[in-house]
Amino acid sequence: MQIAETNVPLARRAVDVEAELAYWRGVHADGHLGVHGFSDYSRLLQLGYHVYLAYPQASELQRYRVLQEGYYGHRPALSVPWEEARWIVRHAWQHLEASARRH
């Protein structure tokens with residue numbers, strides 16, 4: 001899927017992926033992320049961040065389509081089922097947006 005990039009907001013480009021992963025590592029350690037090992041979620045989250053940053057002007061639906069293409073393109077390396085993966089990445093995107101609004 002091709003999505004044009006125009007006027008990328010600086011806040012969406014200036015994302016500390018390591019800090020975001022650390023946040024989700026903590027969520028996982030607290031038992032609130034799922035049953036898979038964090039390395040499984042880390043690969044998934046990194047894919048989600050890549051999509052988010054690569055297509056900053058895309059709608060959520062457009063990003064989901066790109067995410068799904070990437071998800072199935074990386075199978076079997078991603079062991080998290082699609083519905084769970086979609087839910088987690090959506091929350092990761094929301095966390096990124098909330099963080100950008102705070103700064």
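**Surface and overall layout**

The model is a predicted one. The chain has five helices and zero strands.

- Followed along the sequence, the pattern of the chain is α-α-α-α-α.
- The chain has 103 residues, and buried residues account for 40% of them.
- Of the contacts between residues at least 6 apart in sequence, 68% link residues at least 24 apart.

**The nonpolar core**

- The largest nonpolar core contains 29 residues.
- Within this core, the residues with the most contacts are Trp24, Leu44, Leu45, Leu67 and Trp93.
- At least two core residues come from each of helix 2 (17-29), helix 3 (38-54), helix 4 (60-73) and helix 5 (82-102).
- Helix 3 contributes the most to this core, namely nine residues.
- Residues up to four places away in sequence aside, Trp24 touches Leu33, Phe38, Leu45, Tyr49, His91, Ala92 and His95.

**Helix 3 against helix 5**

- Two packed helices are described by the angle between their axes and by the distance between those axes.
- For helix 3 and helix 5, the axes come within 9 Å and cross at roughly 55°.
- Angles from 65 to 115 degrees count as roughly perpendicular and those under 35 degrees as roughly parallel, so helix 3 and helix 5 are oblique to each other.
- The crossing in which helix 3 passes helix 5 is right-handed.
- On the side of helix 3, the contact is made by Tyr41, Leu44, Leu45, Gly48, Tyr49, Val51 and Tyr52.
- On the side of helix 5, the residues making the contact are Glu84, Ala85, Ile88, Val89, Ala92, Trp93, Leu96 and Glu97.
- Leu44, Leu45 and Trp93 take part in this helix contact and are also listed among the residues with the most contacts inside the core.

**Ser79 in its loop**

- Ser79 is found in the loop that runs between helix 4 and helix 5.
- The relative accessibility of Ser79 is 33%, so this residue counts as partly exposed.
- Apart from neighbours within four places in sequence, Ser79 has contacts with His36 and Asp40.
- Ser79 and Asp40 are 39 residues apart along the chain, while 6.5 Å separates their C-alpha atoms.

Conventions: Residues are numbered from 1 along each chain as its sequence is written. This is a predicted model: local features need pLDDT of at least 70, side-chain atom pairs count only at pLDDT 80 or more; totals for chains, interfaces and linings use all residues. Side-chain values use heavy atoms; hydrogens and water are left out. A nonpolar core is a set of buried Ala, Val, Leu, Ile, Met, Phe, Trp, Tyr and Cys residues joined through side-chain atoms within 4.5 Å. Buried means under 20% relative accessible area, exposed over 50%, partly exposed in between (1.4 Å probe, protein chains only). Helices (H or I, at least four residues) and strands (E, at least two) are DSSP runs, numbered from the N terminus. Contact means heavy atoms within 4.5 Å. Axes are lines fitted to C-alpha atoms, for helices over the stretch in contact, and angles run from 0 to 180 degrees between N-to-C directions. Angles under 35 degrees count as roughly parallel, over 145 as roughly antiparallel, 65 to 115 as roughly perpendicular and the rest as oblique. A crossing is left-handed if the near helix is turned anticlockwise from the far one by less than a right angle, and right-handed if clockwise.
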